[in-house]
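Have a look at the sequence and the fold, then read on.

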Amino acid sequence: MSLNRRNFLQTAAVLGLTAAVPVSGRLMAAGRSFHPLPIPPLLEGELRDGKKHFRLEARTGQREFLPGLVTPTIGFNGDYLGPTLRMKRGDEVAIEVVNRLPETTTVHWHGMILPARMDGGPHQPIAPGESWNSQYLVRQPAATLFYHAHTHGQTGPQVYRGLAGLLYIDDEEAAALDLPSDYGIDDIPLVLQDRDFDSGGRFRYLSFMPERMIGKHGRTLLVNGVTSPRLQAQTTLLRLRLVNASNARFYRLAFSDGRSFRVIASDGGLLPRAVSRKELVMAPAERYEILVDLSDRRELSLLDLGRVGNAAHGPMGMMGMASGFDVLRIDAGSARKSDRKPVQRLAELPLVDDAVGDLQQRSLVLQMGMMGGGMMGGSGKSMGGGMMRRGMMGGPGGMMRGGGMGGMMRINGKSFDMQRVDFRVPANREEIWVLGNDSPMSHPFHVHNTQFRLLTRNGKAVPAVEDGYKDTVVVQPGEELRIWLPTGPYVDERHPYMFHCHILEHEDGGMMGQFTVV
C-alpha cells in the first residue's frame with residue numbers, strides 16, 4: 001500500500017524541529033564577492049601497450065570553501081573532486097585507482113557500459129593502502145559521464161566529502177558537428193553540489209532524521225568546488241556541460257534574463273536534434289549539455305529557481321531548503337565572436353516505441369516506509385507512532401542503527417542485500433522495464449551498464465529533452481514509466497550490476513537491487 005503523505009510530512013516536521021540550522025545561507029545576497037570558476041584538470045591518458053592509462057589517487061585534504069573556515073575533504077588527485085578523464089570511443093583504457101584514505105572506498109564509472117567486475121560498485125571495494133585496476137573498451141557514443149564513490153552503505157558521505165569527477169567520451173560523429181569543444185574555453189563543465197557547514201567549517205552531513213528519509217539538502221551551492229563562481233566568457237557561444245552531482249537536490253535551471261538555450265545532449269550522449277528551452281530540471285546524477293548564445297555580450301546569471309524535487313517536504317521546506325541559488329555569473333563583455341556553426345540535427349538514434357512485441361518485461365516499484373502499520377501502513381496510524389515503537393531512533397533494528405534505514409527503503413518490497421541477486425538478464429538483448437513509485441517522493445532511478453530510452457510516462461509521449469540515451473530517469477509519485485533497456489554484451493554470472501535510486505541516502509538506506517548478465 002502507498003505511504004500516507006500527510007503522516008509522512010507531519011512526523012518529518014515534528015522530527016525536524018530539533019534540527020540545527022546550518023550557518024551557511026543561500027548565496028543570493030547582493031554585493032557578495034565572486035570567485036573565478038575553476039576548471040577541473042584534464043587527463044587524456046598515457047598510451048602504452050595499445051591502452052590509454054589513467055591514474056587516480058583517493059586522498060584526504062582540506063579547502064577553504066567559506067571565508068576563514070577550513071573544511072576537511074577527500075578527493076581524487078587533489079583535495080576535493082577529481083580531474084576530468086577524457087577518452088574516445090574505441091579506446092582500450094586502464095585506470096589504476098589507489099586508495100590513500102583511512103577507509104575503504106570504490107570508484108564507479110557512472111553511465112559506462114563495461115564488464116561487471118570493472119564497474120566499481122559495492123562489490124569492488126578498495127581497502128586503505130590498496131589499489132584497483134579497471135580495464136575496459138569504450139564502446140559507446142560521445143557523452144558526458146562521471147565517476148564517484150559507490151561504497152556499500154557509505155556512498156552518500158564519501159561523495160558528500162568530495163569523491164567524484166567527470167568523464168568525457170568523444171567520437172568522430174560528434175566532432176564533425178562543429179560543437180564548442182575547447183575544454184575550459186567554450187566547452188565548460190559545471191558540477192553542481194549543495195552542501196552544509198557547521199560553525200567550524202566542517203561538512204554537516206545527516207544531522208537530523210528527516211535528512212535520511214528525504215535526502216541530504218544543503219544551503220550552500222558549490223560549482224566545481226567553489227561558492228559564487230564567475231565565468232569570464234571567452235567566446236559568444238558556450239557549451240555548458242551540466243552535472244548534478246548532489247546527493248539529493250533537484251535543480252530547475254534558467255537564465256536571469258529569461259533567454260532561451262538549446263539542449264543538445266542528455267546522460268548518454270547527443271539528442272536527435274537540439275531542443276530550445278528556457279528552463280531545465282535536473283535530478284541527482286542527471287547530465288545535460290546546453291548551448292547558450294552570448295552574442296549580445298550582456299552580463300547574466302544562470303539561476304536555480306528552486307521549488308522542485310523533494311526539497312519542500314516537511315522540515316526541508318520549513319528550513320527554506322526549497323529556495324533556489326545563483327549558480328553562475330557570466331560576463332560576456334569581452335567575448336570574441338564564435339565561429340562555430342553547430343547544426344540543429346545531431347544524432348541518428350535507433351527508433352524504439354512501445355510496440356515492442358515479445359520483449360521480456362520487468363516491473364520495479366520504488367517504496368519507502370515501515371512494512372505493516374506506521375509510516376507505510378494503511379491503517380491511518382501516524383507515521384511517528386509506528387516508527388518510534390519500532391525503534392526508529394536507535395532501538396534494535398532501528399533506522400538509526402549503524403547509519404542504516406532499517407528496511408525503510410525498498411524496491412519490490414526488498415531492501416538491498418549484497419548476497420541476493422534479484423534477477424538475471426540475458427546478454428545482448430533488449431527488455432522493457434516498467435518503473436513505478438509507491439511513495440510520496442520523486443526518485444531518480446539509475447541502472448548500471450546500460451544507456452536506455454524512455455518510452456512513456458503514464459502512457460504518454462516523453463518530452464524531447466528525454467528522447468535521448470539515459471542512465472538515470474526521474475519517477476514521480478504514482479507514476480508508471482516504461483523504458484527500453486539494452487542488457488549489454490558482458491556475461492558474468494558471479495559479479496552483479498546495480499539498479500537504485502540515486503538519492504544517495506536512499507541508495508545507502510536500501511533502495512537498491514542487483515542483477516547479473518548471463
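## A sheet and its strands

Two strands count as paired if DSSP finds at least two bridges between them. Strands themselves (E, at least two residues) are DSSP runs numbered from the N terminus. With that in hand, look at Arg-230: its bridge partner in S22 is Arg-329. Strand S14 (residues 229–232) pairs with strand S22 (residues 325–331) in the parallel sense, over 3 bridges.

Those two belong to an open sheet of 6 strands with mixed pairing, running S1-S14-S22-S21-S16-S19. S1 (35–36) and S19 (280–282) stand at the edges with a single partner strand each, so one side of each has no neighbour in the sheet. In general, strands of a sheet pair through backbone hydrogen bonds, either parallel or antiparallel.

## Around Asp-187

Asp-187 sits in strand S12 (residues 187–195). Its relative accessible area is 0%, which makes it buried (under 20%; exposed is over 50%, partly exposed in between, with a 1.4 Å probe and protein chains only). Leaving out residues up to four places away in sequence, Asp-187 touches Arg-86, Tyr-168, Pro-180, Ser-181, Asp-182, Arg-239 and Arg-241. A contact here means heavy atoms within 4.5 Å.

Residues are numbered from 1 along each chain as its sequence is written, and side-chain values use heavy atoms, without hydrogens and water.

The predictor's confidence in each residue, pLDDT, goes from 0 to 100. Its chain mean is 89, with 86% of residues at 70 or more. Over residues 372–403, though, pLDDT is below 50. Where pLDDT is low, the predicted coordinates should not be read in detail.

Conventions. Predicted model: local features only at pLDDT ≥ 70, side-chain atom pairs only at ≥ 80, totals over all residues. Helix = DSSP H or I, 4+ residues; strand = E, 2+ residues; numbered from the N terminus.
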